[in-house]
Amino acid sequence: MAVVSPAAHAQTADVGGQDVSGLLQQLQQQRGNGGAGLSRAPQPQAQTIQIPDSPQPLNPPSRIELILSKRANLPLQLFGYDVFAGLNQITVPQVGSIQGYYVLGPGDQLRINLRGQENASYDIVVGNDGNVTLPKLAPIRAAGRTFADFQASLDSAVKQSYISTSAYVSVGQFRQVRVTVAGEVNAPGVKLATGMSSPLDALILAMGVKKSGSLRNIRILRGGRTIPYDLYHVLLNDGSAPQVLLADGDRIVVPTLGKVAAVSGWVRRPAIYELAPGQSSMPVKELLRLAGGLQVRGSFRYALQTTDADGRLSLDAMTAPTGQARDGDILFVEQAVSEQVGRFEFFGPSNLAGGYSLSSYRNLSALLRAPGAMGEAPYMLLGVISRKDPRTLQRQVIAFSPAEIRAGKADIPLQGEDIVRIFNRREAALM
């Protein structure tokens, strides 16, 4: 057992080849509050790891971005790599209480408070033997156990050895861990973090993943096992991100970029997306989900651009987002013809100007005969209707005489998306 004082000195570590003083800041010791049994640990103060000031690596378009942008005839970027832009520090732990899945290890400092018939406070660092020892208690194993598991064991031991005494525990300061980041990162090497750091924190310390590197096939080598890490789960915030914290000696390997497919058009995140490890194709619906779905409600057209075996591009129209997108494919999402079903617009020197339903006015005569429709000093010889041709989608202008329409000598049925315009005498004089 090692008993330490609440104060701790700032650490100096080598990150990215430079010495950084004050790398790990002192965490304030926190006491548990009253109540029976063992409470959830209070929230510790965050630790900040500062990345040395250095020019950010240039991030020009990658070759795959240039190729797919040329095929789509518009700029497309790989999704996710901008998360590393402009970052110069990481802060751990994240806001919130220490979670029960945190695995304790040598170097973690614990604040244990006994309250009741026995009142005492202990600042204990988990030693190299992995045990924590309190007076009247046998050593309790801490290293390699989750925080929740250790809480339960401590609570049971205190109740057996002390009378009417409750125990409260919190993590006062997290241990340092050294991990190696290798592969397609901007600054590979050994990085110093804490036990509450995530693989993303280590990648930030490595100055981010290159565009030639994979975000979905990252591997964490720990002992004799491999832990897969898909950064898309974190970036998309879909709730499926694994709770992985770094351990001393971890090796994080970033392989080269895998197969990709792109989305362009009326989606929330048009970009180039990497297929999951082992996938040779991706359902078009899944590709749309990665892109955040459709940008707005409405009617849309879909087309999938594919590459034949001989390198020729082909564009296949789809009535719905179905089928599979393969490596190098581009999904185009375009808005279909916007139709305001059953509505038209009325403009002119009248208080009635605005949008109307065809159920109110099916014919031009009904509109122009409405009280106040013609306004003051109307020009009765000319009015126009701008109407969209359903076949060519081009607008054509239909002229009419308001005087003849109001007199019942002529009439024109109104259609959806019509734009009706009448003029006053002053406007007519300027034409």
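## Strand β11 and its parallel partner

β11 and strand β15 (residues 251–254) pair in the parallel sense, over 4 bridges. Here two strands count as paired if DSSP finds at least two bridges between them. Strands are DSSP runs of E with at least two residues, numbered from the N terminus. Within this pairing, Gly183 stands opposite Val254 in β15.

## Basis of the model

The model is predicted: local features need pLDDT of at least 70, side-chain atom pairs count only at pLDDT 80 or more, and totals for chains, interfaces and linings use all residues. Residues are numbered from 1 along each chain as its sequence is written, and side-chain values use heavy atoms, with hydrogens and water left out.

## The β11–β12 hairpin

β11 covers residues 176–183 and pairs with β12 in the antiparallel sense over 6 bridges. A hairpin of 5 residues connects β11 to β12. Thr180 faces Val190 of β12 across this pairing, and Val181 has Gly189 in β12 as its bridge partner.

## The whole sheet

Both pairings belong to an open sheet of 5 strands, ordered β12-β11-β15-β13-β14, with mixed pairing. β12 (189–194) and β14 (225–229) are the edge strands, each pairing on one side only. Neighbouring strands of the sheet are turned by 30° against each other on average, direction ignored; the axes are lines fitted to C-alpha atoms, and angles run from 0 to 180 degrees between N-to-C directions.
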